[in-house]
Structures are given as structure tokens and as C-alpha cells.
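The report below takes each in turn.

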Amino acid sequence: FGSSARAPTTFGSRPDLLLGCRAAPAGRRRRASLDDMLASVAVRYLPDDFVKTSATGGAFTVVAWVFMLCAFAGELQSFFFNQSFSTTMMLDRRDGDKLQINFDVDLYDIECRNLQVIVFAQNSEERLSTAAQDFWLRSIDAKGRTFGMALKPNEPTDAEVRGEADHDKSMEKLIKEDGKAELDSDWADSHDGFHHSSFEHVIQAHDYTFINFFAGWCGHCRQFSPQWEALANKTNGEGDTPPQLFTDRDGVERRVRLIKVNCVDFQTICREKGVDAYPMLRLYKGDGSFSLFEGKRDEAEIVRWIERTIKMKSYGWADNHEAFERGCNAKGRLLVPRVPGRLELQAGGGDQALNPRMTNVSHLVKHLSFSDPEDGRYHRKSWAGLPPDVVRHLSPLDGKGFVTEEFHQAYIHDLKVVSTVSTRGQTSYQFHHHRRVSTVPEDEIPQAKFHFDIEPFSIWVKADSKKWYDFCTSLLAILGGAYVTMRLMAHCSLGVLAALWHLMPRSKPAAGALDDGGPHWSQ
């Protein structure tokens, strides 16, 4: 009891200690219980996904996080890097009167000497005046590889200039070795006192040699003989009569030596040269190439034909004339009036007469486009700022070949050209292409033609950038949608598992055993 009597005396002297020691734990307990009560109330209104944990929920949480991170990265890329475009159509803003055509085309079976690049007015044969032309012709081999020097039309090469001097030296050397009389003599008889050892020397010793291949038994040859003799005397120059001179396209006067060859006495020579009909008239050039006369065998007609043929000779004296027996690459640009027209890669008009029945104008378009004159050589610079779908239509023919399957055929190209203004304000030209195969008459040389028509409207390209608030809205929508989708999938998964649980058969407990309420699976 003493202890009980002293107790009030002891704590009574320090009532603050008694109150303080008992008040602190009670306050903490009250605050903790208040917090627990508030938490329990809040939990009632939260989804179960936030207050319950399960393996299924954890798996779906990981999937949701991965999906939302990928969606966030994709949205960022779309906002900063991807760009969409819209187009507007209006009347053509271009008020200039010139258009530049850029081309790079291979013709597989037309030599450069027989190729011209011309622009005609649409549906007529009127040639459009070109304000400027800057293109080259270059020979290609059977595999389409270019070789030799690139030539501008009517422009002699250094090799041709050197070939002229070499040809003169060769003529002097042959005359010194074989003698001028031997080289100028007719091959009419194998027993005429001349050696007639080299037909090639005869060709090389003259600028041009007009050969009459004949046979003594041929009636046409005997009928043509008087006219040939008169023509030979006039052209070769006999006695005091000077030889007749013919001017080529370079303005140089050339001599033509007329010689006849008896194909009965010189069968080997005629067989080697492919002579299979009489009389056959060929104009040989000093480099070994020749042109065949197929007109009326009349003196005046033959002279006119020789004049025309030599007038077109402008490729000098090549060491290997067969180097030209290939195709041709035409590459460059033309500045033409800004009106509908026709670009034509014209076969013919060179120094050879083409056979219409054998002319093949199959071609490969390496590049074809249109541009403004100020773009010049760097016409692709105006393509910057255009979407890929538009760029594909600026030169849709690039890399495409057009090969005809039969003779007397040619590809005709129809192009609808539309000016297009980029986001930078630069003008380029899209075009739509249609092709067709045209069959030409047998006596007409087929031609590769590109008809172009300029539409009176322009297409303006505008970049559509994404606003920051659109980006935020899309991002929140993606995140919210991901959460809702994953929650639904989790609920569905749990529901399916619970249904399967109740449907599975269970084994009954053995007699006398206690049932613990757990599942009993049948064996």
C-alpha cells in the first residue's frame, strides 16, 4: 500500500509529467486511426486495379507500359520529323515564253551520223525555233556502253582533223608505192597490163571512188555503158579537161574517181564486197565506208546524187569506219517556245540513205524532264521541297526501254505536262505518259516521237505541320486508350480463368477425410 500511498504524493508534485507521458501516445494513435479511416474510405472509390496485385495484372501492366512508350515515340517522330502535304490547283502562274527539255536517250540501232534531234509544232511539220540547244551525240556499243568522244552536231572531232592529215599522207604513200596510173585504172580486164593487186589501195588513194560493178554478160550493164563512159570522162577529167570537184558539208572540195570493176574477171573481189546484182553503183569514201546508188541510171541523176551524198559527209576520215556501226546516245537540253510540240529523234538526214524496211528506232529513255530556262544544267534543284509522290512524276520514263517487235513500227509518246510549285516557290513540271505503237508505211522511215502538251493550270504544294495542341491531344488519347484497353483485357482474362476454374471437374474427398475446402482435381 505504501507504494500506493506514495504514488500520489510523488506524481502529484509533477502533474505535467503525468499528463505529458500519457498524452503523446494517445494523440499519435488518434491520428493514425484517422489516416487509416480516410484511406479505407478512398479505397472504396478506386478501381480494383490500383489496390489489388496479381500476376496477371503485372503482366498487363508491363505490356501497357511498352505499348505506351512505343506510341509516345511514334507520336514524337510524327510531330518532329514526318510532314504531310496538301495541294491546291489554280491557273498556271508561269508567264514566260520558253520551256527547257532535258533528255538522255539511247537509240540502239541508229548511228550518230544518221540522227537528228528536232522539235516540231504539234500536229504539223513546222520546226519550232530553238532559242538554245546544248546537247551531244555519242556512239554506244551493242551493250549500251558509250565509247569515243561526245560530239555536238556538225562539230568535227580532233580525231577527224588528224584523220584528214593522215588520209593525205596515206594517199601520197600509196601513189608512190603503186603508181598513180595503177590506182586510177579501171578493173575492166585482168589482162590490161595493170597488176590490180589491191582493191583497198584504190579506195584509200582517193577522197571518193565511184565504183561500177558490172558483168560482160549483163544486158543492163551494156545498155548503161555509154552513159558511164561519158560520165567518167567528164568527172575524171581526160586530156586538158580538169576533173570535176564536189564540195562536202565542211566546204572542202573533193575529187571523185570513177572506176569500173569486171566481176567476171575479178570474181573474188566482187564476192568479198557482197556484190550480187549488176550493175551495182557504190560511192566509196577513203575510210572504206560506202553509200549505194539506187536511183535512175541517168548521167544527170547520178551527178546530183553524188553532190548530195558528198555534201552530207562531215565525219572526216576515221581509221575504223565500223566504229560508227553502233547505236547513238543523245544527251543534253533544248530551249523551245512554251507551246505544245513534238520532240523527235529523227533517223535519217545523215550521210547514209537508210532503208525504211530495216530501220529500227527502239530506244531507252535514261532521262526525260521539263524545267524552266533559268534552271539550266542543274534542273533538278527545283525538285527540292516536293513530296516523293510528286517527284516520281517529274521524270516517270527514266530507265524504261521501248523496243518494237516488228519492222515498220515506232513508239509514239504522248505527254501531258503540268507545272508544279514547291513549298520553296520553285517551279517544276510533272507529266503523265501514254505510249502507243505506230505502224508506218513500208516506204516511210519510222521515227521516235514525244508529243508534249502543257496544261493551263498549276499545282501548288503546301506543307501541313502539326500543331503542339494537336500533338498533346493525340498523346493523351493514346495513353488513355492504352490504359482502358489493357484494363478490359485484364478483366476479360480474369473472368475467363474464373469460369474455367468452376468448369473443371474435382475429385471427392475419401470417406472419413476432412474437406479443407480446396480444389480436388480428378486424376
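## Strand pairing

Leu245 stands across from Arg255 in strand E7. This is a predicted model, where local features need pLDDT of at least 70, side-chain atom pairs count only at pLDDT 80 or more, and totals for chains, interfaces and linings use all residues. Residues are numbered from 1 along each chain as its sequence is written, and side-chain values use heavy atoms, leaving out hydrogens and water.

Strand E6 (residues 245–247) pairs with E7 in the antiparallel sense, over three bridges. Two strands pair if DSSP finds at least two bridges between them. Strands (E, at least two residues) and helices (H or I, at least four) are DSSP runs, numbered from the N terminus.

E7 has another neighbour. Strand E5 (residues 208–214) runs parallel to E7, joined by seven bridges. Tyr208 has Val256 in E7 as its bridge partner.

## Burial of E7

Strand E7 covers residues 253–262.

## Two crossing helices

Helix H8 (residues 219–236) and helix H10 (residues 299–311) have axes that come within 10 Å and cross at roughly 50 degrees. Axes are lines fitted to C-alpha atoms, for helices over the stretch in contact, and angles run from 0 to 180 degrees between N-to-C directions. The angle makes H8 oblique to H10. Oblique covers what is left after under 35 degrees (roughly parallel), over 145 (roughly antiparallel) and 65 to 115 (roughly perpendicular).

Which residues of H8 and H10 meet? Phe224, Gln227, Ala230, Leu231 and Lys234 in H8 contact Glu299, Ile302 and Val303 in H10. Contact means heavy atoms within 4.5 Å.

Note on methods. Buried < 20%, exposed > 50% of the residue type's maximum accessible area, 1.4 Å probe, protein only.
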